[in-house]
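Here are my notes on the model, in numbered points. Please read them with the structure open.

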Amino acid sequence: MRTTKFRKSCIQISLVAGMLMSGFGTVPAYADAGFKKWVRGFSSVARKNGVSSKTIKQAFAGVNSPDNEVLELTRFQPEFKQKMWMYFDSRVNERSIGRGKEMKRTWKSWLDRIERKYGVDRHILLAIWSMETSYGEALEKPKAMRNVVRSLSTLAYKDRRRRKFARQQLIAALKIVQSGAIPASGLRGSWAGAMGHTQFIPTSYRAYAQDVDGNGRKDIWNSVPDALGTAANLLRRNGWRSGQTWGYEIKPTKKALGQSGKTRTLAQWAKLGIRRAKGKAMPRSGQRATLKFLAGKSGPGFLMLKNFFVIKRYNNADKYALAVGHLADQIAGYGDFEKQLPRPYRKLNEQERFALQSHLARLGLYDGEIDGKIGSGTRAAIRKAQDRIGMTPDGYESPKLLKRLSKKT
């Protein structure tokens with residue numbers, strides 16, 4: 001599981017001459033004397049917490065300096081930084097929906113078993129898988145996954161705010177290696193230590209990991225059934241209500257806007273005249289729901305049910321939980337929101353996003369993958385292009401920008 005506050009990207013580091021260090025045996029020379037001292041102190045704490053010297057030596061092999069890119073990544077968490085439409089466009093789109101439907105067919109037999117055992121809707125699990133690692137694609141990209149021990153050591157050594165969290169996660173990570181679940185060399189994950197197909201931080205892995213495929217290992221790194229079953233186990237144990245949805249879109253009337261943030265039963269909401277979008281009937285039940293307008297007063301409104309808040313146990317951001325719920329609905333075959341997210345420009349379709357990245361690459365402004373995903377790298381290139389052609393460098397992928405760039409390439 002990703003941490004509820006932190007989020008994701010691997011640097012290959014070269015091995016240099018070895019030296020003796022108490023408790024580790026032979027390890028690489030340290031480029032940072034302060035880091036060397038910190039590792040020595042942490043090794044003592046780890047041993048007191050039941051981690052063997054052999055495990056510590058294996059896990060820290062080659063970890064001879066902090067990863068400064070990790071510190072840079074802590075400053076950018078899309079769930080809290082990006083505008084709603086930007087966040088959704090890069091995560092709930094033609095590609096993520098299409099791939100979700102494909103994965104639904106490919107893993108049907110396993111999804112059947114997982115759904116029966118844990119009671120969690122398969123579409124929610126597929127949406128989480130997509131949000132976390134693009135159905136495992138991120139695990140195959142060296143730059144997307146980092147050395148978990150080095151990342152957590154960096155946070156524990158240099159990040160005052162996350163120091164306690166990182167030390168706790170690092171000890172848990174070492175215990176995972178010691179258990180034989182994964183060798184130290186395979187312990188790769190996000191900048192905050194989230195691992196595997198469905199991105200679990202070490203303590204959450206130890207609490208929720210499942211051996212769904214029955215091979216004797218709880219392998220969220222290489223086994224899709226184990227990863228999806230682990231995600232399902234987390235949701236179930238945090239109160240997932242089987243057979244129920246995450247929420248309902250409503251008609252955003254003035255009356256509804258005046259009730260934003262309040263919690264009542266669905267029957268009470270119906271009695272107050274709050275109506276579902278697309279003319280659908282409101283269930284007259286005692287199930288409690290909270291009214292939210294996550295994109296502001298000009299955006300869609302939602303009655304959020306218990307399962308919405310359970311999804312937030314995976315990542316404590318309303319934006320994340322709404323994206324998971326909406327992507328799950330789209331994979332299941334339901335339509336888009338009736339009330340669209342407010343945005344400054346018309347949404348580019350997938351073909352247009354590919355074209356935009358291609359134009360940026362031909363201009364020498366973008367060297368990333370041409371994948372139609374408008375992430376931080378693409379936005380940085382967009383800002384450069386906008387500045388070059390005299391547009392406001394806001395980083396937005398507008399139809400006007402696409403038209404201007406197509407004339408230059």
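**Notes on a sheet and a helix pair**

1. Four strands make up an open sheet, and their order is 5-8-7-6. The pairing is antiparallel. Keep in mind that this is a predicted model.

2. Which strands lie at the edges? They are strand 5 (247-250) and strand 6 (263-265). Each of these pairs on one side only. On average, neighbouring strands of the sheet are turned by 30 degrees against each other, direction ignored.

3. Look next at strand 7 (residues 288-292) and strand 8 (residues 301-304). The two run antiparallel and are joined by 3 bridges. For Lys-292, the bridge partner in strand 8 is Phe-302. As background, strands of a sheet pair through backbone hydrogen bonds.

4. Now the helices. Helix 17 (residues 350-362) and helix 19 (residues 399-408) have axes that come within 10 Å. These axes cross at roughly 45 degrees. The crossing of helix 17 and helix 19 is left-handed.

5. Which residues meet in this contact? Helix 17 brings Glu-352, Ala-355, Leu-356, His-359 and Leu-360. Helix 19 brings Leu-401, Leu-402, Leu-405 and Ser-406.

Key: Residues numbered from 1 in each chain as written. Predicted model: local features only at pLDDT ≥ 70, side-chain atom pairs only at ≥ 80, totals over all residues. Heavy atoms only, no water. Pairing = 2+ DSSP bridges. Axes fitted to C-alpha atoms, helices over the stretch in contact; angles between N-to-C directions. Left-handed = near helix turned anticlockwise from the far one by under 90°. Contact = heavy atoms within 4.5 Å.
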